[in-house]
Amino acid sequence: MSDTRRRVKVYTLNEDRQWDDRGTGHVSSTFVERLRGISLLVRAESDGSLLLESKISPNTAYQKQQDTLIVWSEADNYDLALSFQEKAGCDEIWERICQVQGRDPALDITQDPIDESEEERFEEIPETSHLVELPPCEQSRLEEIADLVTSVLSSPIRREKLALALMTEGYIKKLLGLFRVCEEVDNREGLHHLYEIVRGVLFLNKAALFEVMFSDDCIMDVVGCLEYDPALVQPKRHREFLTKTAKFKEVIPITDSELRQKIHQTYRVQYIQDIILPTPSVFEENFLSTLTSFIFFNKVEIVSMLQEDEKFLTEVFAQLTDDATEDSKRRELVNFVKEFCAFSQTLQPQNRDAFFKTLANLGILPALEIVMGMDDLQVRAAATDIFSYLVEFSPSMVREFVMQEPQQTDDDVLLINVVIKQMICDSDPELGGAVQLMGLLRTLIDPENMLASTNKTEKTEFLSFFYKYCMHVLTAPLLANTAHDKNSKDLQEGSTKVNPVCPGALRFMRRIIGLKDEYYNRYIIKGNLFEPVINALLDNGTRYNLLNSAIIELFEFIKVEDIKSLIAHIVDNFYKALESIEYVQTFKGLKGRYEQEKDRQSQRLNSFPTCRYRRDARSLDEDEELWFNDDDDDDDGEAVEKRMGDDFSDSYGKYMEAKKGKLYSLTTALVGLVDYPDDEDEEEDEEEEDQSPRKRPRLSS
């Protein structure tokens with residue numbers, strides 16, 4: 001069994017001053033010949049790879065924080081941290097570092113982080129000035145104390161000395177006691193000085209000071225001091241907000257007092273950083289890096305403690321999915337889960353994986369089906385955020401769940417259909433929620449991130465599921481809009497208005513053909529989907545408009561790209577109706593491509609017997625292999641249509657049969673996107689059509 005005392009997480013501070021998790025392993029200190037010195041080595045517990053190799057430099061300042069953290073900088077803007085599982089392991093490595101540097105392990109910092117210029121100035125200062133002498137903690141000396149704290153911020157070594165003095169003399173608690181006295185007598189000048197003092201102490205950036213200031217008996221007095229900003233006419237009421245407005249709600253009673261205290265502390269410290277403290281200047285921006293780390297590691301600890309409490313989480317999800325749970329209670333529960341998921345982003349990858357698998361086992365996805373269908377906008381928004389965490393973590397996990405749902409529920413309440421409906425019905429004028437859900441839906445149906453294995457093909461199974469159970473929900477608004485326009489009285493035969501749905505449907509078809517995918521091409525051929533396009537072109541007459549240009553461009557693309565199956569289908573079935581169009585050469589060009597292909601195939605077929613018997617049938621060369629392969633792709637239009645159905649996969653065939661009514665509604669809709677009077681009306685108006693120079697005969701249905 002591995003030594004858990006030396007088990008650590010390795011963190012680096014990124015450009016945004018946030019800690020990035022580099023992995024978990026076991027740390028050791030040993031002599032490395034290449035580095036010529038004692039070094040810290042961390043090897044990954046998963047595969048033994050080297051996560052960290054860092055020489056213990058005599059001039060590097062190491063800091064020990066919160067009993068289980070060691071933090072240091074190896075270069076400009078490159079900070080490192082080791083987070084130990086056990087305090088004993090942290091103490092061992094800390095003693096080793098102090099031994100190499102010749103420092104006292106009782107201190108929390110090995111040496112002063114000063115640059116050469118600072119060191120030179122420091123050497124010129126008399127020995128007696130090495131110690132910071134703090135004035136007596138009295139009301140009359142508050143201005144002097146504030147000036148002292150403010151003056152040291154520009155000097156790294158003086159910050160260190162002041163921090164040490166504040167810790168050794170218990171000065172922080174004395175100052176906070178003085179704050180209560182000043183507030184009782186309404187000493188505004190003293191309170192303004194205390195604001196400067198406490199703000200300056202926070203900027204000392206020392207974890208040891210934070211441990212005192214953010215303890216239960218001190219933190220509210222710290223917040224109180226920060227209410228009296230001299231720049232404000234009236235003090236803020238942060239304590240009132242934290243104690244009365246922002247009351248902590250235990251959705252499920254937390255029995256662990258340490259966990260409860262940690263949650264309270266983290267919220268309040270986050271409030272201090274985000275709300276109370278002003279945005280730091282360029283000079284001050286690095287002063288609060290330790291405060292950021294303090295919050296970060298607190299969140300890691302909270303998530304770990306909650307995850308280990310199986311009884312607590314089980315009760316959360318039991319109430320979340322219980323039909324008897326009141327809406328207000330469910331709202332509190334879903335907001336808790338959202339915050340829980342947000343905190344989990346601080347975990348290392350493997351622990352985050354375990355975290356989301358735990359949520360999945362507890363029933364997070366069935367719970368989302370319930371809460372995403374609620375009328376409460378805040379609940380739906382929180383549920384969407386939770387869903388985004390899950391999709392980002394593992395799209396495959398979500399897909400696996402939704403594919404099992406049809407066995408247990410109706411189509412309308414499937415999770416993915418709930419997501420689609422929320423996307424379609426978003427009431428936000430800026431469609432913020434709809435855009436977020438659209439991105440999640442695209443991630444789920446993106447074939448590029450679907451897994452494939454020997455026994456299971458996720459891509460085929462999920463896409464078949466999606467087309468069978470979800471596509472009709474996604475396309476319902478389009479079909480409804482089409483049905484409305486289809487019956488519009490404004491679109492009479494001979495009207496100069498163009499069906500407004502027609503250009504949208506045409507763009508959709510153009511995009512599909514642009515993929516140059518033979519599965520789509522064969523579906524288009526089988527559904528005879530070119531007929532409404534050509535009817536729209538013919539009924540548009542000689543008008544040169546956007547519709548005319550778009551249709552011509554569609555056929556020009558097919559010609560230029562030489563899409564043989566579509567060319568054969570168009571010429572075989574529609575050329576007689578198109579040959580009279582001479583103001584562009586597109587259709588004559590399609591006919592030319594068609595004839596060239598037929599001639600080429602005829603020549604190959606005529607030469608086939610000669611080539612066949614000229615060589616041994618078992619020793620075909622590359623040219624003949626290419627010939628046969630090319631020949632398969634180059635059948636004429638009749639052959640293409642003949643084998644078209646056979647080339648569809650079994651899954652597509654089963655799907656077509658199972659949902660023929662719903663699927664072919666899409667085909668019908670596309671055909672009907674440009675709808676005209678029935679054939680019976682056409683016969684009655686035949687004479688009128690013949691008299692109109694702007695109309696060409698349209699194709700009969």
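Analyst: Asp 322 sits in the loop between α12 (310–321) and α13 (327–344). Helices here are DSSP runs of H or I with at least four residues, strands are runs of E with at least two, and both are numbered from the N terminus. The model is predicted, so local features need pLDDT of at least 70 and side-chain atom pairs count only at pLDDT 80 or more, while totals for chains, interfaces and linings use all residues. Residues are numbered from 1 along each chain as its sequence is written, and side-chain values use heavy atoms, with hydrogens and water left out.

The scale is simple: buried means under 20% relative accessible area, exposed means over 50%, and partly exposed lies in between, with a 1.4 Å probe and protein chains only. Ile 370 is 48 residues away in sequence, yet the two C-alpha atoms are separated by 9.7 Å.

The largest nonpolar core has 75 residues. A nonpolar core is a set of buried Ala, Val, Leu, Ile, Met, Phe, Trp, Tyr and Cys residues joined through side-chain atoms within 4.5 Å. Five members touch the most others: Ile 364, Leu 368, Phe 387, Leu 390 and Phe 465. Helix α16 (residues 377–393) gives the most to this core, with eight residues. Take Ile 364. Leaving out residues up to four places away in sequence, Ile 364 touches Phe 317, Val 337, Leu 359, Ile 386 and Leu 390. Contact means heavy atoms within 4.5 Å. There is also a second, separate core of 52 residues, including Val 149, Val 152, Tyr 195 and Leu 242.

Stay with α16 for a moment. Val 391 is in this helix. Val 391 counts as buried because its relative accessible area is 2%. Neighbours within four places aside, Val 391 is in contact with Val 398, Leu 440, Thr 443 and Leu 444. Leu 441 is 50 residues from Val 391 along the chain, and their C-alpha atoms are separated by 9.1 Å.

Thr 290 lies in helix α11 (residues 289–308). Its relative accessible area is 6%, so Thr 290 is buried. Thr 290 touches Gln 65, Asn 205, Lys 206, Ala 207 and Phe 210, again without residues up to four places away.

Asn 205 lies in the loop between α6 and α7 (207–213). Asn 205 is buried, because its relative accessible area is 12%. Its phi is positive, about 65 degrees, although Asn 205 is not a glycine. Most residues other than glycine have a negative phi. Asp 186 is another case, with a positive phi near 55 degrees. Asp 186 lies in the loop between α5 (171–184) and α6 (188–202). At 47% relative accessibility, Asp 186 is partly exposed.

On to the strands. β1 (residues 7–13) and β2 (residues 19–32) pair antiparallel over seven bridges. Two strands pair if DSSP finds at least two bridges between them. β1 and β2 form a hairpin with five residues between them, and Arg 17 in the turn has a positive phi of about 60 degrees. β2 also runs antiparallel to β3 (residues 37–44), joined by eight bridges. Gly 25 stands opposite Ala 44 in β3. This second hairpin has four residues between its strands, and Arg 36 in the turn has a positive phi of about 55 degrees.

β1 has another partner too: β1 and β7 pair antiparallel over five bridges. Lys 9 has Thr 24 as its bridge partner in β2 and Ser 83 as its bridge partner in β7. Strand β7 (residues 78–84) is mostly covered, with six of its seven residues buried.
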